[in-house]
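Me: Hello! I am new to reading protein models. Could you walk me through this one, feature by feature?

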Amino acid sequence: MRKPRSASWALVTTMMWAIAFLPRAAPSLAESGIASDVIGAGGGDTQSSSYMVSGTLGQGVVGEVASSVSFGLTDGFWGVARLAGRTPGDTIPPGDVTDFVVLPLDTANSLQWRNPGDGDFAGTLIRYSTADFPVTPTDGQAVENGQNGIFYNAPGSSEAFTHTGLVNGTTYYYTAFAFDVAVNHAAGVSDSATPFDGIPPAPVAFGTVTPGDTAVTLRWTNPADADFVHTLIRYSTSSYPTGSSDGLLVENGNDGRFPNSPASIDSFTHSGLTNGTTYYYAAFAADEVANYSMGDTISAVPADETPPSAVGSFDATATADGSITLSWTNPSESDFTGALVRYSTSVFPVSPEDGLPVENGNGGRFPNEPASIDSFVHEYLVTDQTYYYTIYAYDEVPNYSEGVTAEATSNDVTGPELT
């Protein structure tokens with residue numbers, strides 16, 4: 001028969017168990033935020049206890065707490081908890097995550113995966129680098145999710161995380177490590193992506209368009225988007241350009257690009273055009289990538305609306321029986337084409353359509369060179385009749401200058417024959 005234990009022995013035993021459950025200094029944390037501690041409890045089934053924390057002020061228990069003993073990291077000390085499902089000496093990791101995909105966004109990458117279905121799965125650690133794929137759970141750096149790259153969730157669950165604050169054009173290499181309650185890490189699954197800006201700025205807004213002589217002046221307002229860099233303008237004489245590579249680049253010496261600030265107002269005079277031809281324009285806003293916006297369109301028909309100067313030194317003189325001689329000096333403008341002479345026997349013609357054209361066989365028109373001197377004898381007139389003349393210089397459109405007038409009275413300037 002076993003001798004009953006003494007009261008003093010029971011007290012010692014109780015104190016030993018209490019000591020095992022007293023708070024102890026927390027083990028040091030690696031960068032990954034993973035720590036484990038083995039606490040001897042006098043041979044009981046709380047022989048081994050493991051914990052995971054994400055920082056000195058955070059906590060996360062691996063596995064289910066099977067007892068009412070609380071767990072926490074308070075003021076730098078561990079509490080003690082019994083963990084269900086914890087197998088002392090477990091060195092077998094869970095399976096890898098599946099369907100791990102990294103998709104690029106603007107200054108961000110979207111990560112998606114499915115956790116393994118293992119019953120002892122505890123979480124997934126994701127680390128990344130801009131040099132190469134992390135090979136171990138301490139390579140590279142943890143994704144900035146607020147938990148040192150650790151994602152706690154249920155076995156078999158689908159997960160997603162958007163990694164923000166990245167640099168467009170830089171490739172980011174990721175590896176996802178599943179781990180179990182004993183903090184055994186799977187081999188890891190990797191994928192990479194290069195974030196980029198795929199969103200164009202808002203469109204340009206065309207304002208006024210002013211046709212001129214062999215030219216068109218365009219005015220537009222650039223979008224207010226902060227990443228706006230330049231406007232590209234293309235044109236055609238058949239239809240509106242439908243994209244940033246359609247039609248022809250306006251000849252501005254910069255391949256049709258107009259750098260400027262967001263929300264700025266800009267203008268350009270497109271010269272060397274053919275009067276009477278319709279020109280179709282499209283303007284596309286661009287960012288630094290460059291992503292091009294939808295095009296805003298406008299059209300115009302260049303035309304010369306400026307007439308040459310009036311003729312000079314216009315004179316009408318009766319020079320023979322029934323004849324009046326007209327003489328003048330043409331203007332010097334390069335687009336001068338000819339002079340039109342109209343007349344009447346009652347008043348001066350007041351427009352190029354008023355009165356009658358002098359009968360020169362060309363409808364009263366006298367083509368000639370700029371600054372040339374010209375003349376015409378108006379014959380077969382009525383004697384003692386006053387003739388009123390108006391002369392107009394014109395260009396190729398034709399645009400007519402102001403009229404210049406002269407008058408003369410035909411008479412019999414031949415004396416009687418001598419007998």
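Reply: Gladly! Let's begin with the word "contact", which means heavy atoms within 4.5 Å. With that in hand, T231 touches V204, W220, N222, G256, R257, F258, A283, F284 and A285, not counting residues up to four places away in sequence. Two notes on the source: this is a predicted model, where local features need pLDDT of at least 70, side-chain atom pairs count only at pLDDT 80 or more, and totals for chains, interfaces and linings use all residues. Residues are numbered from 1 along each chain as its sequence is written, and side-chain values use heavy atoms, with hydrogens and water left out.

Me: What is pLDDT, and what is its mean for the protein chain?

Reply: pLDDT is the predictor's confidence in each residue, from 0 to 100. Here the protein chain has a mean of 83, and 77% of its residues reach 70 or more. Over residues 1-86, though, the pLDDT is below 50. That stretch has 135 contacts in the model beyond near neighbours in sequence, so please read them with the definition of confidence in mind.

Me: How many helices and strands are there in the protein chain?

Reply: Helices (H or I, at least four residues) and strands (E, at least two) are DSSP runs, numbered from the N terminus. The protein chain has one helix and 31 strands. As for its contacts between residues at least 6 apart in sequence, 64% join residues at least 24 apart.

Me: Is T231 buried or exposed?

Reply: Buried means under 20% relative accessible area, exposed means over 50%, and partly exposed is in between (1.4 Å probe, protein chains only). T231, which lies in strand 18, counts as buried because its relative accessibility is 0%. Across the protein chain, 39% of the 419 residues count as buried.

Me: Which side chain forms a polar contact with the side chain of T231?

Reply: A polar contact is a pair of N or O atoms within 3.5 Å; within protein, one must be able to donate a hydrogen and the other to accept it, and residues adjacent in sequence count only if both atoms are side-chain atoms. The side chain of T231 makes one with the side chain of N222, at 2.6 Å. S264 sits in the loop between strand 20 (257-259) and strand 21 (265-271), and its side chain reaches the backbone oxygen of S261 at 2.5 Å. Although S264 is in a loop, it is buried, because its relative accessible area is 13%.

Me: Which residues have the most contacts inside the largest nonpolar core?

Reply: A nonpolar core is a set of buried Ala, Val, Leu, Ile, Met, Phe, Trp, Tyr and Cys residues joined through side-chain atoms within 4.5 Å. The largest one here has 20 residues, and I324, L326, W328, V341, V358 and Y389 have the most contacts inside it. At least two residues of this core come from each of strand 24 (312-320), strand 25 (323-329), strand 26 (336-344), strand 30 (386-395) and strand 31 (404-409). Take L326 as an example: beyond neighbours within four places in sequence, its contacts include F314, V341, V358, F376 and Y389.

Me: How many bridges join strand 8 to strand 9?

Reply: Two strands pair if DSSP finds at least two bridges between them. Strand 8 and strand 9 run antiparallel and are joined by six bridges. T107 is partly exposed, with a relative accessible area of 33%.

Me: Where is Y380 found?

Reply: Y380 is in the loop between strand 29 (373-378) and strand 30. Its phi is near 60°, a positive value in a residue other than glycine. Y380 counts as exposed because its relative accessible area is 77%.

Me: Which peptide bonds are cis?

Reply: One joins V289 and A290, with omega about 10°, and A290 lies in the loop between strand 22 (279-286) and strand 23 (296-300). Another runs from V397 to P398, with omega near 5°, and P398 lies in the loop between strand 30 and strand 31.
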